[in-house]
Amino acid sequence: MAETAVQEFLEQEEDTQKGRFLTFALSSESYGIEIRYVTEIIGIQTVTEVPELPEYIRGIINLRGKIIPVMDVRLRFKKPFRDYNDRTCVIVIDIREVSIGLIVDSVSEVLSIPEAEIVAPPDVSKGGNRYIKGIGKVGSEVKLLLDCDKLLNDEETENLLKI
Amino acid sequence: MSKLSHEPMLEMFIFESVQLLEQLEQIIIASEKTKAYVSADINEIFRIMHTIKGSSAMMMYDNISTLAHSMEDLFYFIREKTPSAVDFSELTDLILKGADFIKTELAEIEEGCYSNSDCGLIIDETREFLADLKKKNPSLKYSSELVEETIPFEKQKYYISSGSICDNSSPKVFKAVVHFEDDCKMENVRAYNIIHKIKDMVNDLQYFPSDIIEDEATDEITDEIIRKDGFIIIFRTDYSMDIVQEILMQTVFLKNLTLEELEDTDENIQIEEQQKITLENTAPSVMKAASAEHDPETQSRSLNQSVISVNILKLDKLMDLVGEMVIAEAMVIQNPDLQGMKLSNFQKAARQLHKITGELQDTVMSIRMVPLAATFHKMHRIVRDMSKKLGKEIHLELMGEETEVDKNIIEHISDPLMHLIRNSIDHGIEPPEARKARGKAQAGTISLEARNSGSDVLIIVKDDGKGLNKEKILSRAKDNNLLTIPEDEMNNNEIFKLILLPGFSTSDSISEYSGRGVGMDVVTKNIEQVGGSVFIDSTEGNGTTITLKIPLTLAIIDGMNVRVGSFCYTIPTISIWESFRAKESNIITDPDGNEMIMVRGQCYRIFRLHKHFDVKSGITEFTKGIFIMAEVEGKALCIFADELIGQQQVVVKALPGYIKNMKKTRGLAGCTILGDGSISLILDISGLASL
């Protein structure tokens with residue numbers, strides 16, 4: 001009996017994070033990422049490069065003693081590179097024990113987007129769509145909601161193809 | 001009973017039982033070798049079986065309990081009667097079979113797919129063996145006497161007054177008669193379960209038969225009594241009849257239950273104590289003379305009492321904290337705020353701190369070190385089983401088993417060792433006749449040695465069998481198109497390394513133990529995982545030696561920091577030979593564009609760090625920067641960097657898994673955090689050399 005009560009409580013906990021997205025901007029587009037993956041947001045710091053990695057993996061940073069890799073989301077989405085300024089942030093996400101930092105132009109706010117406002121992405125089979133889980137409508141704006149799993153794991157299939 | 005509360009108990013149960021089973025194996029195999037069962041050993045085996053029986057019954061794993069029970073019976077017989085005509089080999093086989101069954105069951109429980117497999121076969125075999133033993137030792141009138149004495153047990157005397165209704169507030173006396181289902185077996189353990197359950201709720205508990213767990217000899221008899229008359233419990237309690245009935249009805253395999261309330265007088269609670277069975281030892285005990293070597297062994301086993309088992313997570317946390325402390329200490333001592341200041345007292349205190357930190361570090365590292373003895377001893381069993389099956393005589397020699405390695409590494413060694421030994425026995429050691437014909441001793445020798453060498457641990461598996469046949473290996477490799485270097489250019493080392501390729505096997509048939517070409521691949525993978533390497537040497541006709549070189553935990557190493565541009569890299573000091581400034585005249589460029597440098601007559605490859613790591617460094621001229629000559633495993637190269645910063649003890653942190661999974665970045669052994677918080681990549685010289 002206690003088990004189900006605990007489970008319900010946990011589900012409720014998760015519910016407070018469900019449907020909430022952290023939105024950030026990349027040039028003119030606005031993206032959203034589920035907040036339950038986000039551990040923290042920090043300002044950009046010196047990135048130590050690691051050789052022989054894809055271009056979008058900029059290297060590694062020291063986060064209070066923990067070493068985490070950072071990925072530049074602009075380069076990941078094949079946009080032109082922009083220099084980092086003091087508005088550039090690193091969003092640290094944690095998926096299935098893998099921590100990674102995403103370098104973005106700027107971070108906006110946390111929005112609650114109800115399920116009703118999320119539509120499936122259009123079925124264009126070119127590159128970028130694999131990472132989009134859905135499209136959220138907020139007022140008059142449209143936020144592209146990212147699928148974190150695909151962001152991380154697609155690398156592997158790419159690498160396999162390369163080999 | 002909630003399932004949740006079982007979990008920690010389950011872990012304990014599995015852990016304990018596995019340990020006990022390993023101990024059991026060791027004792028059994030050692031005893032088989034000396035062909036004598038010392039009383040200390042028998043007692044120990046008995047205790048192990050008894051503990052397993054009790055704990056598995058408590059956890060409701062009845063088949064394990066039943067099996068342990070029958071094996072216990074067997075050893076009870078051996079202990080009490082010390083029969084002289086015992087077939088040790090068969091006995092050992094039987095016990096090992098039972099132990100294997102329990103092990104598989106435990107594995108299933110751990111995985112969560114416990115299937116309550118039938119152990120009836122093994123129990124039958126045990127009973128047969130026991131009956132056999134009794135037959136072979138007829139002078140011991142064990143069984144017949146016991147049967148005589150069971151009959152007087154029927155007469156129990158106890159007083160029951162006519163049932164009177166008591167009110168619920170005062171404590172009541174109940175008498176419960178529990179009948180179990182026929183053929184449910186182990187009634188005494190079930191009875192014990194009931195007692196255990198109600199013990200806390202009742203006072204003045206008396207039950208009949210009263211010797212349900214205490215006296216193992218009478219287990220079968222008590223089972224009989226319970227089966228015939230039921231298990232009788234008399235107790236006093238505050239609980240109402242309904243509650244008591246409910247609790248008793250929860251007993252498994254309950255056929256029927258009669259619950260009566262008795263009048264609360266002292267007379268009720270008198271059950272005449274049953275007569276204990278007296279066993280007569282008609283035959284004088286003939287115990288084989290135990291060799292003196294057994295005693296120190298048993299003593300060493302009891303030394304285990306001074307060991308405490310610690311959760312590995314705690315140890316990991318401790319190691320991490322010590323690592324962080326080393327970094328923090330460096331951050332304090334090399335703080336940029338202190339640059340250039342003359343602080344002699346501070347330096348003294350800093351040195352003291354450094355000393356203590358170093359000692360703490362060493363001690364914590366040694367906590368995780370576990371001696372290889374346990375792993376080596378497991379090999380005894382494999383050697384025994386295989387030599388029996390294949391009909392070869394093998395003698396296993398263990399040397400240096402006190403050598404300690406990190407706990408993580410031990411897990412990765414036991415599989416490779418098993419494969420190597422299997423290979424030695426299956427392919428290496430020839431059958432006795434062939435050995436005789438060659439003039440070798442009839443029993444093959446496999447020696448397993450472990451020793452420290454520098455910063456590595458060497459594990460050497462050596463056999464005196466027929467060695468590796470180079471031609472066969474080469475021809476098989478050619479057939480499968482596995483040769484990357486032309487045949488004549490391969491030296492012995494490289495030819496032997498071919499056998500490590502996955503799927504490679506020179507045997508024409510696949511046996512139960514080997515031939516598929518998988519074993520050596522497992523060895524290579526496991527050893528590579530811990531960062532070690534495999535070396536093979538062999539002489540045809542004389543034997544093969546396989547050496548596993550495994551680095552000790554590299555958590556904290558001495559490193560030399562070098563600067564390239566604005567980035568910092570660390571080279572492990574242990575691989576550095578020297579550093580120097582070069583003269584333009586020593587540098588040669590060959591037609592392919594590879595740069596080399598001459599040092600004392602030897603030519604070394606030049607490795608430009610700024611080129612490899614793509615650093616925009618100001619220094620590209622050889623005379624402006626510094627050369628560091630590094631060597632690992634015979635491969636040497638000269639690294640070109642901007643300048644040396646200094647020597648420092650660094651904590652190796654692995655590159656994030658994500659990056660490691662992407663592409664195997666050769667040349668990087670990890671990274672570390674420097675005193676000022678920046679990251680320095682640690683170079684792996686052997687990786688760089690192979691680029």
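This is a predicted model: local features need pLDDT of at least 70, side-chain atom pairs count only at pLDDT 80 or more; totals for chains, interfaces and linings use all residues.
## Chat on chains A and B

Q: Quick one first: is A:Ser27 buried or exposed?
A: A:Ser27 is exposed, because 11 other C-beta atoms lie within 10 Å.

Q: OK, back to A:Ser27. Which loop does it lie in?
A: The one between strand S1 (20-26) and strand S2 (29-34) of chain A. Helices (H or I, at least four residues) and strands (E, at least two) are DSSP runs, numbered from the N terminus.

Q: What about the phi of A:Ser27?
A: Positive, about 45 degrees, although A:Ser27 is not a glycine. Most residues other than glycine have a negative phi.

Q: And what's the phi of A:Lys78?
A: A:Lys78 isn't a glycine, yet its phi is positive at about 55 degrees. A:Lys78 is in the loop between helix H2 (73-76) and strand S6 (89-95) of chain A. With 10 C-beta neighbours inside 10 Å, A:Lys78 counts as exposed.

Q: How's the mean pLDDT of chain A?
A: The mean is 80, and 80% of the residues of chain A reach 70 or more. pLDDT is the predictor's confidence in each residue, from 0 to 100. Over residues 159-163 of chain A the pLDDT is below 50, and beyond near neighbours in sequence that stretch has two contacts in the model. A contact takes C-beta atoms, placed from the backbone, within 7 Å.

Q: In what order do the six strands of the open sheet in chain A come?
A: S8-S1-S2-S11-S10-S9, with mixed pairing. Strand S8 (106-112) and strand S9 (118-119) of chain A are at the edges with a single partner strand each, so one side of each has no neighbour in the sheet. Two strands pair if DSSP finds at least two bridges between them. S9(A) pairs antiparallel with strand S10 (residues 132-138) of chain A over two bridges, and A:Ile118 has A:Gly136 in S10(A) as its bridge partner.

Q: Switching to chain B: how many helices and strands?
A: Chain B has 21 helices and 22 strands. Of its 691 residues, 28% are buried.

Q: How many residues of strand S3 of chain B are buried?
A: Five of the seven in S3(B) (residues 231-237), so the strand is largely enclosed by the rest of the structure. Strand S1 (residues 172-180) of chain B pairs antiparallel with S3(B) over seven bridges, and B:Phe174 has B:Phe235 as its bridge partner. Strand S2 (residues 202-208) of chain B is joined to S3(B) by five bridges, again antiparallel, with B:Tyr207 opposite B:Ile233.

Q: Now H13(B). Which residues are buried?
A: B:Thr375, B:Phe376, B:Met379 and B:Val383. Down the axis of H13(B) they fall within an arc of 95 degrees, so they line one face of the helix. That arc is of the directions from the helix axis to the C-beta atoms. What covers them includes strand S6 (394-399), helix H14 (407-428) and strand S8 (444-453) of chain B.

Q: What should helix H13 of chain B span?
A: At 1.5 Å a residue, the 18 residues (373-390) should span 26 Å, and the end C-alpha atoms are 26 Å apart, which agrees. The expected span is 1.5 Å times one less than the number of residues. B:Gly391 follows H13(B), with a positive phi near 70 degrees.

Q: How many residues between the strands in the hairpin of S16(B) and S17(B)?
A: Two, and B:Arg600 takes a positive phi near 45 degrees there. Four bridges join strand S16 (residues 595-599) to strand S17 (residues 602-608) of chain B, running antiparallel.

Technical notes
Residues are numbered from 1 along each chain as its sequence is written. Chains are lettered from A and ligands numbered from 1 in the order in which they are written. A residue is buried if 20 or more other C-beta atoms lie within 10 Å of its own, exposed if 12 or fewer, and partly exposed in between; C-beta atoms are placed from the backbone.
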